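Here's a quick tour for anyone meeting this structure for the first time.

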Amino acid sequence: MTVKAILLDARELDRALTRIAHEIVESNKGAENLALVGVHTRGVPIAERLADRIASFESLRPPVGKLDITLYRDDLTEIALQPVVKKTEVAFDVSGMRLVLCDDVLYTGRTARAALDALVDMGRPAAIQYAVLVDRGHRELPIRADYVGKNVPTRRDEVVKVRLEEIDGEDGVVLGVRGEAPT
Amino acid sequence: MSERFRRLLDFSGMDVDRILAILATTDVMAQVLQRPVKRVPALQGFTVATLFFEDSTRTRLSFERAARAQSADVMAFARGGTSLSKGESLRDTVATLDALQVDAYVVRHPAAGAAHQVASWTDAAVINAGDGRRAHPTQALLDAYAYREATGRPFEETRLTIVGDVAHSRVARSDAELWQRLGAEVVLCGPPTLLPPDLAALPGVRLETRLEPALDGAHAVMALRLQHERMDTGRIHSTAAYAERYQLTEARLAGAHPDAVVLHPGPMNRDVEIEGALADGPRSLITRQVAAGVPVRMAVLYHLLVGKGSR
């Protein structure tokens, strides 16, 4: 991948998450009955960070769950490489909770669709909202995010790469082009 | 591990990474089975056919449940009253089911090699659910999974002792192969007439005709079902004589590791190969073994079917 542009640097990424945390609390009128669920892999640290920020200005830290959507994917007969199924770790009862599904990039909407199916199989949440760091467009399903760090118009042959300290050793979001030789 | 995994017939040629991947997926499947909705859509649109030419309840039911828990369709084919010779009828059955677009066959047959035969006739995925005395790989996987879940002990630090009619047991054969592949030491114990010398050729496998040295230091002890037809063929004198020398009892486990656990593939002859109190006691993993059947088979179906070119 060749990097074409830096979409968010570390400080901008930090501010975007802080703003989303405030928006979540505002729109849910506090952190009561609220829980965050991160989609494996990069949705998980995003959910943790949002929970930390909410805890810093509310009196409680919402519980955080980890969701693996592999068993709910709609392309399991098409993908060449068999995906490794990871554990879902949602230690609280989702029934009656206001859940915020967290992920790094919103693209076709297929991951969100799978995640919604996985969540409703765990119980009956009062509401499910959706927070993403980057919305890059090109939806294939009627899905939208409630909280967006940055909207970025992209081409399909471009790649949006989110890097997070917890996984990648640094924070930032870059736009790149697949397979091109470095210029 | 890169080539497409389409057949689980035995463990020959299977690398440890693949075995560990199946056990890891089993963890996730076990989690699915604890939710209120015990079903995921992963294998939606796939058809799994169970071909059982030999009586079985738990294996067939747990395969069917494993397929349905991933939203696959199930076609159950049980042995009918056909007068065709076994080979021909099996081949015709497979041809018929292939025409009905089966994606995976689960085969149980009294003849060793039957699942291999099926695999040579079809492009669909094939799972050996027991062929004669040869292999029963999903039983071995669930034994290993139940053991790991219960004890957490690494296989490299484990000694497994299998006691009974090892020669006629596909379970013993598959377990010995799997556990030694995972790094465990395996001891096979039974009367000399019921011990197959060829298994001792596997690295890390030892044969014992006396129970006491076989149990010494064992972390896992498996009793095999004593099949009554063995007495007719004169390989053992009587059930009582067998039990006297080889029945697993709490007292006889004195020389085993203090935390040793006991397994039995079922169905068991209480107070013949295993003391009833031991089977029901705290060392027993028998209920866990049965419970592990469904998630292990879910994982195997997932690994065989998911990915491009499986339909």
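Start with B:Leu301, which touches B:Leu43, B:Val48, B:Ala66, B:Ala67, B:Gln70 and B:Ala104, leaving aside residues up to four places away in sequence. Keep in mind that this is a predicted model.

**The nonpolar core**
- The largest nonpolar core holds 150 residues, and B:Leu301 is among those that touch the most other members, along with A:Leu50, B:Ala104, B:Tyr105, B:Ile127 and B:Val163.
- Helix α11 (residues 286–305) of chain B supplies the largest share of this core, with 11 residues.
- As a bit of background, nonpolar side chains tend to be buried together in soluble globular proteins.

**Chain B as a whole**
- Chain B has 11 helices and 10 strands.
- Its radius of gyration is 19 Å, close to the 19 Å that the globule rule gives for 311 residues, so chain B is as compact as a globular protein of that length.
- Buried residues make up 46% of the 311 residues in chain B.
- Take the contacts in chain B with a separation of 6 or more: 74% of them are between residues 24 or more positions apart.

**The five-stranded sheet in chain B**
- Five strands of chain B form an open sheet with parallel pairing, in the order β8-β7-β6-β9-β10.
- At the edges stand β8 (205–208) and β10 (261–263) of chain B; each has a single partner strand, so one side of each is left without a neighbour in the sheet.
- On average, neighbouring strands of this sheet are turned by 20 degrees against each other, direction ignored.
- Strand β9 (residues 220–223) of chain B runs parallel to β10(B), and three bridges join the two.
- If you want a pair of residues to look for, B:Val221 stands opposite B:Val262 in β10(B).
- Helix α6 (residues 170–181) of chain B lies across β6 (159–163), β7 (185–189), β8 and β9 of chain B, and runs at about 160 degrees to β7(B).

- B:Val296 lies in helix α11 of chain B.
- B:Val296 has 29 C-beta neighbours inside 10 Å, so it counts as buried.
- Leaving aside residues up to four places away in sequence, B:Val296 touches B:Thr26, B:Thr138, B:Leu141, B:Leu142 and B:Tyr145.
- B:Leu142 is 154 residues from B:Val296 along the chain, yet their C-alpha atoms are separated by 5.9 Å.
- Over in chain A, A:Ser59 sits in the loop between α2 (43–57) and β3 (64–67).
- The C-alpha atoms of A:Ser59 and A:Glu32 are separated by 9.5 Å, and the two residues are 27 apart along the chain.

**Where the chains meet**
- On the chain B side, 16 residues are in contact with 15 residues of chain A.
- Helix α1 (residues 16–32) of chain B gives the most to the side that touches chain A, with four residues.
- That side of chain B divides into seven nonpolar, five polar and four charged residues.

Conventions:
Residues are numbered from 1 along each chain as its sequence is written. Chains are lettered from A and ligands numbered from 1 in the order in which they are written. This is a predicted model: local features need pLDDT of at least 70, side-chain atom pairs count only at pLDDT 80 or more; totals for chains, interfaces and linings use all residues. Two residues are in contact if their C-beta atoms, placed from the backbone, lie within 7 Å. Ala, Val, Leu, Ile, Met, Phe, Trp, Tyr, Cys and Pro count as nonpolar, Asp, Glu, Lys and Arg as charged, and the others, Gly among them, as polar. A nonpolar core is a set of buried Ala, Val, Leu, Ile, Met, Phe, Trp, Tyr and Cys residues joined through C-beta atoms within 7 Å. A residue is buried if 20 or more other C-beta atoms lie within 10 Å of its own, exposed if 12 or fewer, and partly exposed in between; C-beta atoms are placed from the backbone. The radius of gyration is taken over C-alpha atoms; the globule rule is 2.2 Å times the number of residues to the power 0.38. Two strands pair if DSSP finds at least two bridges between them. Axes are lines fitted to C-alpha atoms, for helices over the stretch in contact, and angles run from 0 to 180 degrees between N-to-C directions.
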